[in-house]
Amino acid sequence: MNLNIREFSSSSDGFRSDLESLLAWDSVSDAGVQKAVADIVEQVRLNGDQAVIEFTNRFDRRHVVSSSELEITREELALAKGRVSAELVASLEAAAKRVHDYHERQKQPSWQYQENDGTVLGQKVTPLDRVGVYVPGGKAAYPSSVLMNVMPAKVAGVGEIIMVVPTPDGLVNDIVLAAAYIAGVDRVFTIGGAQAVAALAYGTATIPKVDKIVGPGNIYVATAKKMVFGVVGIDMIAGPSEILVVCDGKTDPDWIAMDLFSQAEHDEDAQSILISPDMAFIKEVKASMERLIETQSRKDIIKASLEGRGAFIHVENMDEAMDIANVVAAEHLELSIDEPEKWVEKIRHAGAIFMGRHTPEALGDYCAGPNHVLPTSGTARFSSPLGVYDFQKRSSLIYCSPEGASTLAKIASPLARGESLEAHAMSAEYRILKDS
Ligand SMILES: NC(=O)c1ccc[n+]([C@@H]2O[C@H](COP(=O)([O-])OP(=O)(O)OC[C@H]3O[C@@H](n4cnc5c(N)ncnc54)[C@H](O)[C@@H]3O)[C@@H](O)[C@H]2O)c1
Ligand SMILES: N[C@H](CO)Cc1c[nH]c[nH+]1
Ligand SMILES: [Zn+2]
């Protein structure tokens, strides 16, 4: 199949502005979607379960009458796990363990230190009480996303984990439920879209109100998350999947072709880009893609994604490849090159960095250990993978000894008076020791 994928050369005039247009993506929606989501969120806030049922029946083509039909019990999750093949359960369990063990290393302990006069300062780390995990379920089922969202929450020690997942036409995915069982989700509700986000944010008679909502979703989910931010915390607004492969031309072109397909197959809006200093290699990868796409069950999505947002970029050398990778700030960056550990030093912006020819991004999606919920659309410039830190919060600790309070009060008093805040000044001054 012929693939019409854009080709750029870093030495051509206007390359930087071409690159900017290639990367442009507005992760939150147009006015029509904003209005629809605002309406859904408001109706759920005002009418609770009744609105959730109405929207679920409308958007997921269901026939729910009572809100009790929306919950799937732990017993039903266990039964679903029993219906999944032993091989798949073993893979889910192995992946869950690896993701758990990786995230164990992210745990941040509380800390404190004492000054010479006895004053103690520190930081107390506390897990969130109750978290909502959104698992997408509109066009595909994502058991791996259950593990990636729930395991760090478990490691952080979150008190209660509420999962929501839409079940269009009432079709429940046993693998998703098995993953929820294995990960240790407390309660599962079969709702999705903006109505699920609103229900978690405001609470209804049936759906508990949570402190934070995490997890990826489509434009309705992303828009609703942005709208309820402030009422609850959110993790990030994730856009379509992306992969940027930097290859020196020495990896099997079929491998690179499939790595590019692996993210393109998620979504027509996904973005797969190859950068290489070797033009002949770029042509070989293109030939591999045109041959291999015929074998792919999702070839229509892959083609739409590659032709709409994919690209080949020919560069002068590897230094330039790294500079461009930093501009792209991709969700996933594959360094399919010699000595990746040397070149990684130059990378400042990427959600996850896959180092070497034997490290395809797909292994990270399922089971390497690091999280697959990652910043997209260049937001890796300022944000990080989902992690244990997203499920913990910090409180400052301050204990003043009498001597310490006296010392601090002498610093604070002039500052408070400088701000014309007399009560602050006097509150501090009361603590100044008479003979100091
Ligand atoms: N970044 C990641 O880690 C990651 C992982 C998995 C999936 N994803 C992405 O998540 C997204 C999942 O999207 P999805 O659609 O399959 O599932 P979804 O669960 O996000 O959305 C389905 C819901 O959208 C709502 N909806 C659909 N059409 C609507 C309309 N016209 N008006 C109002 N609401 C409407 C419905 O309520 C439905 O339940 C994809 O873009 C996928 O690539 C990202
Ligand atoms: N690559 C996706 C995040 O961009 C996550 C995923 C789930 N399943 C397969 N892949
Ligand atoms: Zn993926």
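Modeller: Let us start with one residue, Asp-365, and its contacts, where two residues are in contact if their C-beta atoms, placed from the backbone, lie within 7 Å. Leaving aside residues up to four places away in sequence, Asp-365 touches Ser-144 and His-372.

Biologist: Is Asp-365 buried or exposed?

Modeller: A residue is called buried if 20 or more other C-beta atoms lie within 10 Å of its own, exposed if 12 or fewer, and partly exposed in between, with C-beta atoms placed from the backbone. Asp-365 is in helix H15, residues 361-366, where helices (H or I, at least four residues) and strands (E, at least two) are DSSP runs numbered from the N terminus. Because Asp-365 has 20 C-beta neighbours inside 10 Å, it counts as buried.

Biologist: Before we go on, how was the model made, and what is the average pLDDT of the chain?

Modeller: This is a predicted model, in which local features need pLDDT of at least 70 and side-chain atom pairs count only at pLDDT 80 or more, while totals for chains, interfaces and linings use all residues. Residues are numbered from 1 along each chain as its sequence is written, and chains are lettered from A and ligands numbered from 1 in the order in which they are written. The predictor's confidence in each residue, from 0 to 100, is the pLDDT. In this chain 99% of the residues score at least 70, and the average is 96.

Biologist: Which residues are around ligand 2?

Modeller: A residue is counted as near a molecule if its C-beta atom, placed from the backbone, lies within 6 Å of it. Domain 1 (6-27 + 239-368) and domain 2 (31-109 + 128-234) each give at least three residues to this shell, the domain bounds coming from an automatic or database domain assignment. The residues around ligand 2 are Tyr-142, Ser-144, Ser-145, Ser-241, Gln-263, Glu-331, Asp-365 and His-372.

Biologist: Around ligand 1, which residues come nearest?

Modeller: Helix H8 (193-202) and helix H9 (219-228) each supply at least two residues of the shell around ligand 1, and domain 1 and domain 2 each contribute at least three. Of the 26 residues around ligand 1, the nearest are Gly-138, Pro-166, Gly-192, Gly-193 and Gly-217.

Biologist: How far apart in space are the residues that UniProt lists for "binding site"?

Modeller: The unreviewed UniProt entry lists Ser-241, Gln-263, His-266, His-332, Asp-365, Glu-419 and His-424 under that feature; positions follow the numbering used here, feature names are shortened, and annotations may be inferred rather than shown by experiment. These residues are spread over 184 residues of sequence, and between their C-alpha atoms the distance is up to 56.6 Å.

Biologist: Why does His-424 count as partly exposed?

Modeller: His-424 is found in helix H17, while Glu-419 is in the loop between helix H16 (402-418) and helix H17 (422-429). Glu-419 is exposed, because 10 other C-beta atoms lie within 10 Å. His-424 counts as partly exposed because its C-beta neighbours inside 10 Å number 15.

Biologist: Finally, how far apart do the C-alpha centres of domain 2 and domain 3 lie?

Modeller: The domain assignment of the chain gives domain 1, domain 2 and domain 3 (400-429). The C-alpha trace of the chain spans about 85 × 60 × 45 Å along its principal axes. Between the C-alpha centres of domain 2 and domain 3, the distance is 48 Å.
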